[in-house]
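Visitor: I have not looked at this one before. Can you take me through it in plain terms?

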Amino acid sequence: MARDRPPGRGCSALSRCVLGAALLLGLRLCAELRPGTPAPARSAPPGPAPAPPAPHLPPAPGPQRGARRRQVTYVRSGRRAPPGGGGSGTPGPGCCAPRGRPRLKGPRWHIDLQPWAGPTQSLDEEALRFLRYISTTQVVFHAQIACDHMSTDSLASDSSPTKKPWSVCLDDRFGLAHQIRNKQCRLYSLGLGSDDTQFEVSMANNGCEVHRFDPSVKSAHILESQRLWYHRLSIDWRDPHPAVAAQKPHSNTRKLGTILNEFGHHKIDVLKADLESAEWKVLENLILEDVLEQIGQLVFEIHLHWPGFEVSGSDSSVVRFWYSLLKELELKDFRLFHSYKDLSKPQLFLKKDIFNASSCYTLSWVNTRWK
C-alpha cells in the first residue's frame, strides 16, 4: 500500500531549488558588474581567444594615438619674467633691455638750466657770472684747461702761439696735431656768407680735409683745392618739415647730425662756427642729440648783442640760458682753452652798453675724451 507524502513537502523542496538558482544568478551578475573582476571562464571552441573587452572608462584628454607631433598653443601672459630670466615670460633676444640694466636714453627735449646766479635773479648777477666764465684766461674754473700749443702755426716751430680769433689746441695729448701730420684730420666750417676763409685754407694746407658749409655758395658742391670743399648747405637746429622737404627735395637746410649721416662721416676733429646769432640754438641741438661725442674741438663765435634766434625771455633768463649751454659742454667733458674778445665789434650786451662787454667773442673748447 502506497505511503502518503506529508502535505507541503514537495513544494518546500521546489522553493529551495528556485532560491538557490536565483542566488547563483545574482552572484554572477555582481561579479560581472564589479570593475577589475574577470568574468568566469566559459567553454569556447578551440582557436585563438578573442581579446577581452576594454574597461568602460572615459577617453583621456590629449592627442590621439599615432599622432607624430603635438600641436601647442602659446598664450601671452601678463606676468613678467623674474629678474634672472627663465620661465614662460622670458623675452626673446633683442626684445627689450634686460631688467636691472639701464635702458637706452630717450631723446632730450630741453637742456638742464643752471640755478640762478643770485637770489634776486637779476641781469647783473647773471651777466657777471657768464662774462667771468668766458673771459678768464687763467685756469680757475673746472671748465677750463691750459693748452700749450694753439693754431696751426705751432706745427712749424715751437714759438709761443699768437692769439688769433680761430684757435685750435695742438697739444699731443689731444691728438689733433698727430691727425694733421698723418693727413687724417677733418674740419667742418659753418658760415653765412663770410669771405674770411683764411683759417680753412690754412688747415687744408696743413693736411686737414676741410668742408665749408655756406648757403651763399653758387654750386651745390665745389672742390676748391685738393682738401677744401665748399657746400651750398646751411646748418640749422632742425631739419625741414616733411611737407616742405617733399616740395623742395634739394632743400639747403640741415641739422649737423643729418649732414654727418648723409656724408658718411663719423668724426669731426674740429668744428668751427660763425652763424650770426644762430649759434645758440645750433649748440643746443648738438647737446640734445649727442652730436658732441663725434667732435674733437669746438671753435665758436658767440654774439651777445641780442638773445639770438628763437631765444626769448627776460634778459636775466636769456643769460642764464647761455650759461647753462656752456655748462652742458662742461658736462660733456669739453674744456675751454681760449677766449678772444673782439674789440672791433660794438660794445653791447643785450643792446646795452654795460659790463664793458663786447658783442662778439670767439671761444675754443677741446673734448678731453677725444681719441
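Guide: A definition to begin with: rings of Phe, Tyr and Trp (its six-membered ring) pair if their centres lie within 6.5 Å; planes under 30 degrees apart count as stacked, over 60 as edge-to-face and the rest as tilted. By that rule, ring pairs link Phe 130, Trp 280, Trp 322, Phe 349 and Phe 355 into a cluster. This is a predicted model, where local features need pLDDT of at least 70, side-chain atom pairs count only at pLDDT 80 or more, and totals for chains, interfaces and linings use all residues. Residues are numbered from 1 along each chain as its sequence is written, and side-chain values use heavy atoms, with hydrogens and water left out.

Visitor: What does the chain average in pLDDT?

Guide: The average is 77, and 67% of the residues score at least 70. pLDDT is the predictor's confidence in each residue, from 0 to 100. Over residues 37–104 the pLDDT is below 50, and this stretch has 15 contacts beyond near neighbours in sequence (contact means heavy atoms within 4.5 Å). Residues 156–163 are also below 50, with four such contacts. Where pLDDT is low, the predicted coordinates should not be read in detail.

Visitor: How many helices and strands does the chain have?

Guide: There are eight helices and 10 strands. Helices (H or I, at least four residues) and strands (E, at least two) are DSSP runs, numbered from the N terminus.

Visitor: Back to the rings. How many aromatic pairs are there in the whole structure?

Guide: A search finds 10. In one of them, Tyr 133 and Tyr 323 have ring centres 5.3 Å apart and planes at 80°, so the pair is edge-to-face. Tyr 133 is in helix 2 (residues 123–135) and Tyr 323 in helix 8 (residues 315–331), so the pair ties together parts that are 190 residues apart in sequence.

Visitor: Are those two tyrosines buried or exposed?

Guide: Both Tyr 133 and Tyr 323 are buried. Buried means under 20% relative accessible area, exposed over 50%, partly exposed in between (1.4 Å probe, protein chains only). Of the 371 residues of the chain, 37% count as buried.

Visitor: What covers the buried residues of helix 2?

Guide: The cover includes helix 7 (279–288), strand 8 (295–303), helix 8, strand 9 (334–341) and strand 10 (360–367). Among the buried residues of helix 2 are Leu 123, Phe 130 and Ile 134.

Visitor: Which residues have the most contacts inside the largest nonpolar core?

Guide: They are Phe 130, Ile 134, Leu 298, Leu 304, Trp 322 and Phe 349, in a core of 52 residues. A nonpolar core is a set of buried Ala, Val, Leu, Ile, Met, Phe, Trp, Tyr and Cys residues joined through side-chain atoms within 4.5 Å. Helix 8 gives the largest share of this core, eight residues. Apart from it lies another core, of 18 residues, including Val 168 and Cys 185.

Visitor: New topic. Which charged residue lies over the face of Trp 116?

Guide: Arg 320, at 4.4 Å from the ring centre. The charged end of Lys 267 sits over the ring of Trp 370, 5.2 Å from its centre. A charge sits over a ring if NZ of Lys or CZ of Arg is within 6 Å of the ring centre and within 35 degrees of the ring normal.
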